[in-house]
Structure formats: C-alpha cells, structure tokens
Amino acid sequence: MENGAGTERQWTFLTNHARVLVQIARDPGIRVRDIADLCLLTERAVQRIITDLEQAGYLSHERRGRANHYSVIASKQLRHPADAGPTVSELLATLLRWPADGHRAEAGSGPTASLPAVPLPAATVPAASLPAVSLPAPSTAAPEPPSAH
C-alpha cells in the first residue's frame, strides 16, 4: 500500500519487452539506438531485452555487413501462463493492426508497406506477413444480477 501525497503508482499496459518486439516487427533492420529512442529506453536496456527475447526463442538475428537483421519467431506462444494460447503473431497483429488476411497492403499504403519481404525458415515470419487477430465483439447483454442465498 502506498501512502503519502504525490506518490502515484506508475504502470503501463505493455512491457518494455513487448515495446522492443513491436519496433523490431515494424522494421527488422532497425538499430538498437533507434529502438532505444522510440521506446524511451537506454541502448543497454534494449540490448538486454533483445538478448532475453533471443534466449527465450522469440527472436533471432543475422549479421548483414555491420548491421543486424532480426526475425520474429511468430509461431511462438506467449510466455506467461495466464496468456497461454495466443502466439507472438497474434499479439503483434493486434498491436500493429495488420490486415486480417495477413498480407501486406499495396505498395505505399498501410503501416507495413515499407517493410521488405525477407524469406525466412518456416518457424519465422517477416514482420509484414504476420496475420491479424479478430477479437470477439463485447457482449451487449446486461449482466445477470447475483442471486441472493
């Protein structure tokens, strides 16, 4: 329990790991420095997060000259037991609002239009081809009142 005036508990909906993964999904060739700027993190923190994601099997990379090119392992399921079932692909599709058919928009339109198509092994998917997720519509029925015993 927090006491005192002016102390407000700070929290966010997404973890720093999710933020970094989203930036990599948007641009597989992004630099650590750019991820750090976009996520408001230090470069060192981003490097640790990328290492965590790679060690857990959510991300891989290959060197291309002096730069890294990342691949998201889209088929990997989310890590926390309470999140069991959905895959990284479904999470990213929701966060990035990709089309439901999983195909990139026509050249020059949409959030993924500028991403290059990169052939990857079957277990990995380029960021631009991850499918979107359809979430069920909220129920409009009024909840039933609790029964009195």
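Student: Which residues touch the most other members of the largest nonpolar core?

Tutor: This is a predicted model, in which local features need pLDDT of at least 70 and side-chain atom pairs count only at pLDDT 80 or more, while totals for chains, interfaces and linings use all residues. Residues are numbered from 1 along each chain as its sequence is written, and side-chain values use heavy atoms, with hydrogens and water left out. A nonpolar core is a set of buried (under 20% relative accessible area, 1.4 Å probe, protein chains only) Ala, Val, Leu, Ile, Met, Phe, Trp, Tyr and Cys residues joined through side-chain atoms within 4.5 Å. Among the 23 residues of the largest such core, those touching the most other members are Val-20, Ile-24 and Ile-50.

Student: Which helices and strands each supply at least two residues of this core?

Tutor: Helices (H or I, at least four residues) and strands (E, at least two) are DSSP runs, numbered from the N terminus. By that numbering, the elements that each supply at least two core residues are H1, H2, H3, S2 and H4.

Student: With which residues is Ile-24 in contact, leaving aside its neighbours within four places in sequence?

Tutor: Ile-24 is one of the buried residues of helix H1, which spans residues 16-26. Contact is taken as heavy atoms within 4.5 Å, and on that basis the partners of Ile-24 beyond those neighbours are Ile-30, Ile-35, Ile-50, Leu-59, Tyr-70 and Val-72.

Student: At roughly what angle do the axes of H1 and H4 cross?

Tutor: Leu-21, Val-22, Ala-25 and Arg-26 in H1 meet Val-88, Leu-92, Leu-95 and Leu-96 in H4. Axes are lines fitted to C-alpha atoms, for helices over the stretch in contact, with angles from 0 to 180 degrees between N-to-C directions. Because 65 to 115 degrees counts as roughly perpendicular, H1 and H4 are roughly perpendicular to each other. Their axes come within 11 Å and cross at roughly 80°.

Student: How far apart are the axes of H2 and H3?

Tutor: Val-32, Arg-33, Ile-35 and Ala-36 in H2 meet Glu-43, Val-46, Gln-47 and Ile-50 in H3. H2 and H3 pack at an angle of about 105°, and the distance between their axes is 8 Å.

Student: What is the mean pLDDT of the chain?

Tutor: Residues 106-128 stay under 50 in pLDDT, the predictor's confidence in each residue from 0 to 100, and residues 130-141 also stay under 50. Where pLDDT is low, the predicted coordinates should not be read in detail. In the chain, 61% of the residues reach 70 or more, and the mean pLDDT is 75.

How values were computed. Buried means under 20% relative accessible area, exposed over 50%, partly exposed in between (1.4 Å probe, protein chains only). Angles under 35 degrees count as roughly parallel, over 145 as roughly antiparallel, 65 to 115 as roughly perpendicular and the rest as oblique.
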